[in-house]
Amino acid sequence: MNAWREASPTARLLLIAVLFTGLTTFMFLPLLAIELTAQGIPAGRTGFLVGLLAFSGQAFSLLTGLLVDRFGARRVMAAGFLLRVLGYVLLGLGGAGAPAPLVAGIAAVGVGGSLLGLSTKTLLVSQEGAEPRTMLALRSTFVNVGVVAGPALGAAVYPLGFGWILAACVLSHLVLGTCLVLRRSVTASRSRPAAGRAPDPAADGAPAAPWTLRQWLPLCGLGVAYWAIYSQLNVLLPITANEMTGSAAAISVVFTANGLLVVLFQYTLLRHVFRRATARTLLVLGFLAFACAYATLIPLAGWYSLLAFVVPVTLAEMLIGPSLDEQAVSAAATRRTGLALGTMSAAGALGSLFGSSAGGYLLQSARGGSEVWLLLVGSSLAAAAICLLLPKVRTRHV
């Protein structure tokens with residue numbers, strides 16, 4: 001991969017950190033509810049604890065962005081590693097008879113993940129000589145390696161005991177955190193992170209000034225819309241897939257295929273196929289792909305609908321996620337990259353909450369009909385139209 005060879009040693013180390021922290025996180029995450037239940041914790045309390053992990057990882061996005069801009073991404077990253085290590089240790093000490101360490105550990109893992117994710121993303125898009133789009137595509141690829149391989153690895157280790165999984169999480173975060181924090185070159189190296197260099201409107205169409213609030217509002221709205229629509233993969237799709245196919249494993253097929261496609265094609269798609277396209281164009285194409293994906297579910301044609309759904313929904317994920325971050329980086333004021341990315345993360349948290357809440361209600365109201373999919377198709381088309389309100393910012397190719 002040319003981008004890997006061309007990346008700076010610091011960028012490579014950051015991507016390796018993304019890979020291994022993601023791998024151990026997804027070893028731990030799918031088994032958390034199972035382990036809590038096995039410890040004798042009631043289902044209601046288990047649900048609260050799992051929800052607390054998601055909430056603590058998303059609720060502080062804006063604050064994390066401000067901290068990155070105020071104290072520097074390197075210091076925030078160090079705090080993220082430290083909090084996660086502390087959280088995993090507390091989880092090992094907690095249990096049904098010791099709820100305080102358990103709650104504190106879950107909160108520490110969530111907040112630490114927020115600090116770690118936003119700081120590493122800021123450092124990656126700020127690397128000198130690298131396009132933000134390329135770094136975001138590589139980051140997404142490495143994250144999805146963990147998404148695909150982590151649960152399988154966790155399932156293989158779990159019979160030995162949940163403590164071994166927590167130990168792997170602690171060890172990976174300690175080693176990677178130490179390497180990154182002690183490396184002096186791990187800093188945001190662009191004087192203007194938003195554009196990568198002094199903007200030149202005549203050369204690449206980049207805006208000469210940061211966006212106004214009026215320009216930010218559609219982008220934040222698209223962030224909310226993306227995660228509200230995408231969250232249906234965790235709410236509506238598992239129930240519908242089971243009903244359409246009669247197999248509880250159907251949703252696992254969808255997620256496995258989705259992860260593999262992202263790993264195989266994310267970088268190629270953004271770096272080569274759509275290299276000259278603007279982020280706004282990619283967002284339009286992504287939401288249109290969402291519309292096509294949910295349209296395949298309207299006939300409720302069993303495995304045929306489900307398998308046809310996988311490719312366009314994965315295309316939407318590959319185009320929209322990195323493009324929202326790229327657009328936010330391009331729109332940010334000097335030394336405000338952290339706040340820009342934190343704003344998009346906060347929009348995602350709001351969208352996930354709204355989408356998850358609305359999804360179950362819609363499915364109950366539709367009573368198994370196709371109305372819910374028609375509504376999602378319409379929402380995706382409306383979001384594609386809103387994309388046209390964004391300024392047309394062209395990425396400058398290094």
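Which residues does Met244 touch, not counting residues up to four places away in sequence? Select Met244 and you will find Leu297, Leu300, Ala301, Gly302, Ser305 and Leu306 in contact with Met244, where contact means heavy atoms within 4.5 Å.

Before moving on, a word on what is on your screen. This is a predicted model, in which local features need pLDDT of at least 70 and side-chain atom pairs count only at pLDDT 80 or more, while totals for chains, interfaces and linings use all residues. Residues are numbered from 1 along each chain as its sequence is written, and side-chain values use heavy atoms, with hydrogens and water left out.

**Stay at Met244**

Met244 sits in helix H11 (residues 236-245); helices here are DSSP runs of H or I with at least four residues, strands are E runs of at least two, and both are numbered from the N terminus. Met244 has a relative accessible area of 17% and is therefore buried (buried is under 20%, exposed over 50%, partly exposed in between, with a 1.4 Å probe and protein chains only). Now show the C-alpha atoms of Met244 and Gly302: they are 4.5 Å apart, although 58 residues separate the two along the chain.

**Zoom out**

Switch to a cartoon view and you will see 16 helices and zero strands. Of the 398 residues, 49% are buried. Among contacts between residues at least 6 apart in sequence, 84% join residues at least 24 apart.

Next, colour by pLDDT, the predictor's confidence in each residue from 0 to 100. The mean for the protein is 83, and 88% of residues reach 70 or more. Helix H13 (residues 279-295) has the highest confidence, with a mean of 94, and helix H9 (residues 201-204) the lowest, at 40. Over residues 191-208 the pLDDT is below 50, and this stretch has 35 contacts in the model beyond near neighbours in sequence. Where pLDDT is low, the predicted coordinates should not be read in detail.

**Select the charged pairs**

Side chains of opposite charge can pair when their charged atoms come close. A salt bridge is counted when a side-chain nitrogen of Lys or Arg lies within 4 Å of a carboxyl oxygen of Asp or Glu, and the count here is two.

Pick Asp325 and Lys121 to see one of them, with N to O at 2.9 Å. Asp325 belongs to helix H14 (residues 303-331) and Lys121 to helix H6 (residues 99-125), 204 residues apart. Asp325 is buried at 10% relative accessibility, and Lys121 is buried at 10%.

Then pick Arg133 and Glu326, whose closest N and O atoms are 2.9 Å apart in a salt bridge. Arg133 is in helix H7 (residues 132-157) and Glu326 in helix H14, so this pair ties together parts 193 residues apart in sequence. Both Arg133 and Glu326 are buried.

**Show the rings**

Rings of Phe, Tyr and Trp (its six-membered ring) pair if their centres lie within 6.5 Å; planes under 30 degrees apart are stacked, over 60 edge-to-face, and the rest tilted. The structure holds eleven aromatic pairs. One of them joins Tyr226 and Trp227 edge-to-face, at 5.0 Å centre to centre and 65° between the planes. Tyr226 is buried at 3% relative accessible area, whereas Trp227 is partly exposed at 31%.
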